[in-house]
Every structure is written in structure tokens, then in C-alpha cells.
Amino acid sequence: MTTAMILVPRTPIRSGDVVMLKAMISHPMETGYRRTENGEEIPRNIIRRMICRYDGVEVFSVEMHQAIAANPFMSFGVVATKTGPVEFEWVGDNGFRHRQSAQLTVTG
Amino acid sequence: MSRPFSPHSGIELDRRALIGAGAMLVTALAVEPAAASPDMAAAIRKFTGGAEPKTGKVTLDIAPLVENGNAVGVEVKVDHPMTPESFVSEIAIFTEKNPVPDVAVFHLSPQSGRAHVVTRMRLATTQNVAAVARLSDGSHWQETREVIVTIAACTED
């Protein structure tokens, strides 16, 4: 089962503040370069892309390759404008897709 | 001079040292082709569309010595405003000796507020890591850092 964690700052956020969002998702990020004990290649299975939408608008995305560590962690900035959802979507090999969102609460 | 740790004679020690050195040399030669394959410079040129990135603006924060190459924290900041008129549109990370030189490409916008990204990456061996930023005016900026890795990622069990 896939689990993801989205962290938004706990401190009060005012409109115009730049906040760092953090997201982590459980995934092996199998490189495709490893072999089993019997010498068989373990096929590649990675997340290719993560997209973040804030209040319905795409504000950040990242293309990933095999060199991103297992359980990909990403942190990036966003200008807080108003209270609304930050929606994350991860897309990867073998039809992998996971969506999760958190609320960004802006006071003042 | 005393040899407090050796019950063997000097000749025995030298012979062992020689065999050991020989074995290490063979290992080094065997590993060499895999380590030299992909070209980081070519991957960077593909990202920049052929342009040579300038030095400056980019700060690549990564430990100079890591024990475990499986999850190495990496942080990139670009000293540039993020306004609709002028901003950092992309940040890309490359490695010199991983099986694939591309690590990640981050897409930013003025809504990002600051050009600052953090992730965790794999390093197959001791090598250079480069961060390249693309600005909205089409210019490219780069910083490269060498990281010494004592336990490699990618190929081990």
C-alpha cells in the first residue's frame, strides 16, 4: 500500500508569505540495475513525475530519474495567497498513480 | 623499530602487502569501464540546448563526504528574484558517474516565491554532482561539487 505524507508549516501563514512545502511517498524507486540472487534483472519501477497544484493551479512539478532515493522526498517553496488545498499527484512506471492533498490555511 | 601488531616476519608482511595491492589494482581496473560510461557534460548540454552554463547564482548544498550513497540529502538554491518578469524556471541535477547522469528536473514559477528545492538522491560512487538553473531570460547557471562516497548505491543488494 502506498502512503504519502504532506507537510505544511504549522506556524500562522499570512498572505504573501513564502512557505516550504514537503512531501514524501512510500516507493522503492527500483532502478532497473539490480539483480536477484539468481542473476535475473529486477525491472525498473520508479516514480517519473510529481505535480503540485495549489488552489487548482499547478505551481510546481518535478521529473525524477533512477537517482532519486527510495521513498522520494521533495521540498519546495510556494507563495501563500489564500486558504486552499495543496494537491499532490505522483505518476510512475507500471501505471503508478497516487493523489493526496493537504490544506494550506492562510490567516490575514 | 618494533612491530607490535605483527607476529610475522618483515618478508611475510611485504609479500602479503604486494598480493593485496595487486588484488586492489585488478578490482580498480575491472570497475573502470562502468564508472566512465555516461557523460554528464552531454546531459547538461541537452538540458541547456547546447549552451555552456555560467558559474554563479546557484548554491548546491550536499555533504562533501557521505557514508551511504543510497539517500544523500541535496539542496539547491538560486540567488535570483522570483517575479513574473524574471524568475528561475527550472533547476536540474546531474551526476558524473551514476548509470544515468540525469537525477531530476524541478519546474518552478513566480508562484514558487523562492528558487529553493530539497530532495534525497543516490550516488553510485565518488563523483561530481552538478546543479544547473535555467532563468526565464534563457540563461543557465551551474555549480558543481565533488562528493566522496564510502558505500555506493544503485547496484548493491
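These legends go with a set of close-ups of a predicted model.

**View 1. Where chain A meets chain B.** Chain A puts 31 residues into the contact and chain B puts in 29. What you can look for is polar contact, with 14 residue pairs counted between the two chains (both residues at pLDDT 80 or more).

View 2. Strand 2 (18-25), strand 4 (57-64) and strand 5 (73-79) of chain A each supply at least two of the residues that touch chain B. Strand 5 of chain A has the largest share, at seven residues. Sorted by type, this side of chain A splits into 20 nonpolar, eight polar and three charged residues. Strand 5 of chain A also pairs with strand 7 (residues 116-121) of chain B, antiparallel, over three bridges. To get your bearings, find A:Phe76, which sits opposite B:Val117 in strand 7 of chain B.

**View 3. A:Gln66, a loop residue with contacts in both chains.** A:Gln66 is in the loop between strand 4 and strand 5 of chain A. With a relative accessible area of 10%, A:Gln66 is buried, because the cut-off for that label is under 20%. Setting aside sequence neighbours within four places, A:Gln66 is in contact with A:Thr31, A:Tyr33, A:Arg44 and A:Ile46, plus B:Val100 and B:Arg122 from the other chain.

**View 4. Strand 5 of chain B and its two partners.** Eight of the eight residues in strand 5 (residues 88-95) of chain B are buried, so the strand is largely enclosed by the rest of the structure. Strand 5 of chain B pairs with strand 8 of chain B in the antiparallel sense, over seven bridges. It also runs antiparallel to strand 6 (residues 102-107) of chain B, over five bridges. A hairpin of six residues joins strand 5 of chain B to strand 6 of chain B, and B:Ile93 has B:Ala104 as its bridge partner.

**View 5. B:Glu90 and B:Arg134, facing each other across strands.** B:Glu90 stands opposite B:Arg134 in strand 8 of chain B, and their side chains meet in a salt bridge (2.7 Å, N to O). The two are 44 residues apart, so to speak from distant parts of the chain. B:Glu90 counts as buried at 14% relative accessibility.

**View 6. B:Gln127, tucked into strand 8.** B:Gln127 lies in strand 8 (residues 127-135) of chain B and, at 2% relative accessibility, counts as buried. A polar atom of its side chain lies 3.1 Å from the backbone nitrogen of B:Glu96. The C-alpha atoms of B:Gln127 and B:Lys97 are 6.1 Å apart, though 30 residues separate them along the chain.

**View 7. Salt bridges in chain A.** A:Glu30 and A:Arg34 join through their side chains (2.8 Å, N to O); A:Glu30 is buried at 11%, whereas A:Arg34 is partly exposed at 26%. A:Lys82 and A:Asp55 form another salt bridge (3.2 Å, N to O), linking two loops 27 residues apart. Elsewhere, A:Arg53, A:Glu89, A:Arg97 and A:Arg99 are linked in a salt-bridge network.

Definitions and conventions: Residues are numbered from 1 along each chain as its sequence is written. Chains are lettered from A and ligands numbered from 1 in the order in which they are written. This is a predicted model: local features need pLDDT of at least 70, side-chain atom pairs count only at pLDDT 80 or more; totals for chains, interfaces and linings use all residues. Side-chain values use heavy atoms; hydrogens and water are left out. Contact means heavy atoms within 4.5 Å. A polar contact is a pair of N or O atoms within 3.5 Å; within protein, one must be able to donate a hydrogen and the other to accept it, and residues adjacent in sequence count only if both atoms are side-chain atoms. Helices (H or I, at least four residues) and strands (E, at least two) are DSSP runs, numbered from the N terminus. Ala, Val, Leu, Ile, Met, Phe, Trp, Tyr, Cys and Pro count as nonpolar, Asp, Glu, Lys and Arg as charged, and the others, Gly among them, as polar. Two strands pair if DSSP finds at least two bridges between them. Buried means under 20% relative accessible area, exposed over 50%, partly exposed in between (1.4 Å probe, protein chains only). A salt bridge is a side-chain nitrogen of Lys or Arg within 4 Å of a carboxyl oxygen of Asp or Glu.
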